[in-house]
Amino acid sequence: PGARLLARPLTPLSDFHALARSPEPIACEMGVGRALLRGPDADAEMTWSRGGWFHAHETWWNATYAHEQNRGYDFTEDVPSPGHLEVDLDDGPVTLSLRETRTPAEVAPEPRSDDPADAFVVRSGGPPGDCPSRTVLAGYPWFGDWGRDTMIALPGLLLDRGLFDDARDVLARFAGAISRGLLPNRFSDSGEGAEYNTADASLWFLHAATEWAMRSGEAEEFTRVLLPACLAIVDAYTAGTEADGAPVGVDPEDGLVVAGHATSQLTWMDARRDGVTFTPRHGKPIELSALWVHGLTRLAGFDTGGRRGELKALAERAAESVRRLFYDGERGWCADRLEADGTGWRPVFELRPNQLFAVSLEYGPMRGEPARRLVRSCVDRLWTPRGVRTLDPADPAYRPRFEGTMFERDASYHQGTAWPWLLGPMVEAWQRAELPSADAVALIRPMLSGTGSPLPGQIAEVYDADGWAGTPASWALNADDPQRPGGCPAQAWSVSEVFRAARLLGLVPVPA
């Protein structure tokens, strides 16, 4: 009897990459059962069903964040609080909520359902125009809208759910920002400017744009709005362009996409810290040419103004080169990339998941028995219940744990760490290779039974690659050493690709 709850919100309301120091008082606008809190970089709203609000500024000095300290970040902050709520618990239950209502470049998402995908689709006032348009946030709490992540996530986040108008807005926004045939890797967090340091985002745009056109039935709209951007990408890659000071183009000798130099980071395996590129993949990474073949073949199916024969010829040449130069029949899988050795191109046979795209894409260059052997090799050695390893455990460079300082985590980011989004292409590759469908279900079911993310309904960016035992058909997490989640606790392409794979298998219904 006589129990009283005192609830004090701690609200820096600063940029999510920053820590507050000697903060100014948080402005507070009162309403009935609500307080609107206005900070320097964000706003928040606190609501309550009953009780009394007492507006009195306090600062909690030198708050220490142990997790950030362990990760090698700055870890102390002066946290402001605008006041507190008092409520007598003897009078019954009380409901409290605190939510962010404004960030610098985006506004809050507009939920349509209970689908976790809703959280990632927002309205943005950022480039290339002043009018609010749809965009995709790559992950919470750290990522804004990234080109590669958006194009990979778009089919599962929007097209699978019939949100074709939103998908068109997203595609048109990025199409308007293409420069020298390159899609932005990311827009700045402030909504100003873009970074062009990726060789694969433009190729993922070809996939997402043509997928939208085919599934929406808006062929004329595609031709008017998106086809010019697609052809600009083709022309730039054929002629040669540059990303972040590194060359990107098509080798006229074999038709394969070549990109980067020894210190560049132009593919999705792009970790770099303190001058060290942990996964240098300069040369001819297999997924770039797989996406190139697929994108060209897709475009050849549209009215391209007499360029159909040219596009098909480019695709066929590259596809033949992939089959001839990447695949090793004795190993039963493909090289991850071709690397210049002074006299030609040397295949680098690190077993990585990037070769899955040579099978998973509709017009991927690998088919038949080689594709089946390739996919089985990846499943046998790279699959885990929480995602796909980025490197074979037998490789001396393998690092299964995503932990430690920023340098240590970046060093393991693509050297073993498991990524849930790769379960999508793994399942799709299994299907396209015409392997048993029941086994494909086994690949994805563990993630559907519980994601391990600290946020309900969400899927983390990465997971440790160890801490489990068994095969896809019979697996078990080790309770004493589970696959721990890491990175962003809610990642757009993790959610998108896991549930896209589940929809492909009929395990999750397609939303009405």
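Where in the chain is the place of Gly506? Gly506 lies in the segment that follows helix 13 (492–504). The model is predicted.

- Helix 2 is mostly covered, with eleven of its eleven residues buried.
- These buried residues are Gly147, Arg148, Asp149, Thr150, Met151, Ile152, Ala153, Leu154, Pro155, Gly156 and Leu157.

**Helix 2 against helix 4**
- Two packed helices are described by the angle between their axes and the distance between those axes.
- For helix 2 (residues 147–157) and helix 4 (residues 201–216), the angle is about 25° and the axes are 9 Å apart.
- Angles under 35 degrees count as roughly parallel, and helix 2 and helix 4 are therefore roughly parallel to each other.
- The crossing of helix 2 past helix 4 is left-handed.
- On the helix 2 side, the contact is made by Gly147, Arg148, Met151, Ile152, Leu154 and Pro155.
- Helix 4 contributes Ala201, Trp204, Phe205, His207, Ala208 and Arg215 to the contact.
- By type, the residues of this contact divide into eight nonpolar, two polar and two charged.

**Gly506**
- Gly506 has a relative accessible area of 60%; exposed means over 50%, so Gly506 is exposed.
- Val441 is 65 residues from Gly506 along the chain, and the C-alpha atoms of the two are separated by 9.2 Å.

Terms used:
Residues are numbered from 1 along each chain as its sequence is written. This is a predicted model: local features need pLDDT of at least 70, side-chain atom pairs count only at pLDDT 80 or more; totals for chains, interfaces and linings use all residues. Side-chain values use heavy atoms; hydrogens and water are left out. Helices (H or I, at least four residues) and strands (E, at least two) are DSSP runs, numbered from the N terminus. Buried means under 20% relative accessible area, exposed over 50%, partly exposed in between (1.4 Å probe, protein chains only). Axes are lines fitted to C-alpha atoms, for helices over the stretch in contact, and angles run from 0 to 180 degrees between N-to-C directions. Angles under 35 degrees count as roughly parallel, over 145 as roughly antiparallel, 65 to 115 as roughly perpendicular and the rest as oblique. A crossing is left-handed if the near helix is turned anticlockwise from the far one by less than a right angle, and right-handed if clockwise. Contact means heavy atoms within 4.5 Å. Ala, Val, Leu, Ile, Met, Phe, Trp, Tyr, Cys and Pro count as nonpolar, Asp, Glu, Lys and Arg as charged, and the others, Gly among them, as polar.
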